[in-house]
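User: I am new to this structure and would like to learn how to read some of its features. Please take me through them one at a time.

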Amino acid sequence: MFEIEASAALTRPPDWAVLQRHLFDAMSDALDGFVDEYFDEDGDPFWPPDGYVGVDGFDDVIEGFYNWPLVYAMGGDERFLEHAHTAYEGSVRRGMATDTPFGHSMVVDEFEQCRDWFHMGEGNLFTYNMGLAAPDDETVVDRAESFARLYFDDADANNYDGERRLVRGPMNGSMGPEFCDFSAYEHHPYGADYRWASHGLPWRDVGFDAAAELLDPANEERLFEVLDERCSKGDIPLNLNVTSLVTNAYLHTGDDRYREWVTEYLEAWRERTAENGGILPDNVGRSGEIGEYTDGKWYGGYYGWSWGGWHYVGIGPIVAAENAVLLEGDREYLEFPRSQLDVLIENGIEVSEDPLHDTLYVPHKYGDPGDYHYDASGVLTEDDGEVLWRDGWYEFAPHRDDPYAFHLWYLSLAEADRERVDRLRDWGARDWTQVDYRPANKHDAGQEYAWLAYLDGAFPNYPERIMEANHAHVQDRLALMRGEGGDPDDIDEDYLRNRNPVFHRGLLQLTMGAPQPIYYGGLVMAQVRYFDPERERPGLPPGVAALVERITGNGVSLTLVNCGGADRELIVQAGAYGEHEFTSLECDTGRGRPESKAIRVSLPSGSRMSLSATLDRFANDPTYDPPWTDSHDSTRT
């Protein structure tokens, strides 16, 4: 392994480094009290309560601690991993003891019984983060394989039709796709108060003349009947999130069956898109026919262009493309999500909201003509307030899902994709050169543009500002805990997520040069990752801080600082999974050609090292294995 040693001494650690190490410490200290307050003595969460019957909420519980193993994998204290193990095992026990209306439990064989991949994508982020944190844990590996095999053609669950390359239901899981029963609406999480009109259905041909009728509770039963008739069977784009579950198994094992499943399933959706004139259809019947249950229409499926819109449709293409690029090394797969963004751009409307720039309002939904009078804030409307509908497209608004375009650029690092990010920017919204001290949503999102401004050189104080914001988030959660002084009064499925004192986004960006994974089921995609060879564990060693300062099409620049009182050794790996290759390196002490996926750095106490590396991206076979092992071949053939 190529080795270098830092020689530059510190007079004082930079502020970003001190804040980074303090954040690790503050979160680990907060964790013990959080677990004591919000889990019972056996490590079980307080939700679901005894006697609860339903299908929804397991993913929300897992979201309350899903990022603990990720912070451990970045260098957090051992407590992150220990508490993550305990919390997950307790949550699985609770899920397996909770009934559904179908005669079996919410969790069967440690996996959700039958749910959509918007929610299962969220819940399985924990599964993927455990691969980064504990790849040698036999239970972690066994679960990765057993979960992925639920989607093999020969699995008893019958989720997947290998001949037609389709997932057989919008909801699926350990019990298969046959328990997607929308007609049992009293157990469905979405009711009349869940904005039927805003989400939309292919309802105009079944007796409803105005969107407002969808809000009438008297129509509730009929609406669920329509939903069950048209949206309970067949494949939808959201199922492309299954590719992360299968890729996760590959990263553990190197078994080509998982790689082939991902690329074959993605290719099936690309073929359907081509068949549909270049627009991704949102529903495919079990025969493989587009629109089989929606009177031949390519829109109107579950979590599709009419029911939810681009926010849901766009998840699968970018997640699956990222996974295929990781597994195959071919960035041509990115053309799939790129083409769908371009469909929105081509149908967009420019609106002048800034003296220097027009904001592009892109359509987020597609549906039949009719009455579109309903409350949809932030979209273009007619003079009388009706939502603007143009050639099938409606809900024209600034692009609401920044991570899709951002991730496309991050994977390709192509100038044209960077221009798409700018093209889709909401120029009337936040300043790119400031950090919001409150998360924009439950995913702690909203800082992609500020980080990009930093990488562009326009926001040099971003590292300090994002660390300060994350510190503020931790303190806010601690204040909430102190104010409650014990068990919370409002225990629901979100109670852990709304109190979790662990925030990882800033650490991901600064240390690994990585964006937040696509929240609904994406894997971590990163420029670099760190390992502690002395303790043989993932993450930065104690006292060491890291900052990725530049990301270009050719490589990365980063600075490593040892703020502590002991000499440290660390390994810097190219990519989260060793998928990249260091081809050349320039640092304080000279130049070299590592031609390796990892380098070893010696950092004496009170030293720093700045280095720039060129990368051959996606040159190696990805793996969770740490760089001191080599269980399967690294270089692609």
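**A helix, a sheet and a serine**

Analyst: Directly after α13 comes Gly-329, which has a positive phi, near 80°. Helices (H or I, at least four residues) and strands (E, at least two) are DSSP runs, numbered from the N terminus. This is a predicted model, in which local features need pLDDT of at least 70, side-chain atom pairs count only at pLDDT 80 or more, and totals for chains, interfaces and linings use all residues. Residues are numbered from 1 along each chain as its sequence is written, and side-chain values use heavy atoms, with hydrogens and water left out.

User: Why is α13 described as largely enclosed?

Analyst: Buried means under 20% relative accessible area, exposed over 50%, and partly exposed in between (1.4 Å probe, protein chains only). Of the 14 residues of α13, 13 are buried, so the rest of the structure largely encloses this helix.

User: What is the strand order of the open sheet?

Analyst: Two strands pair if DSSP finds at least two bridges between them. The five strands follow the order β1-β18-β15-β11-β12, with mixed pairing. β1 (2–5) and β12 (537–538) are at the edges with a single partner strand each, so one side of each has no neighbour in the sheet. Strands β15 and β18 run antiparallel and are joined by six bridges; Val-572 has Ile-599 in β18 as its bridge partner.

User: Is Ser-174 buried or exposed?

Analyst: Ser-174 is buried, at a relative accessible area of 10%. Ser-174 belongs to the loop between β6 (166–167) and α8 (196–199).
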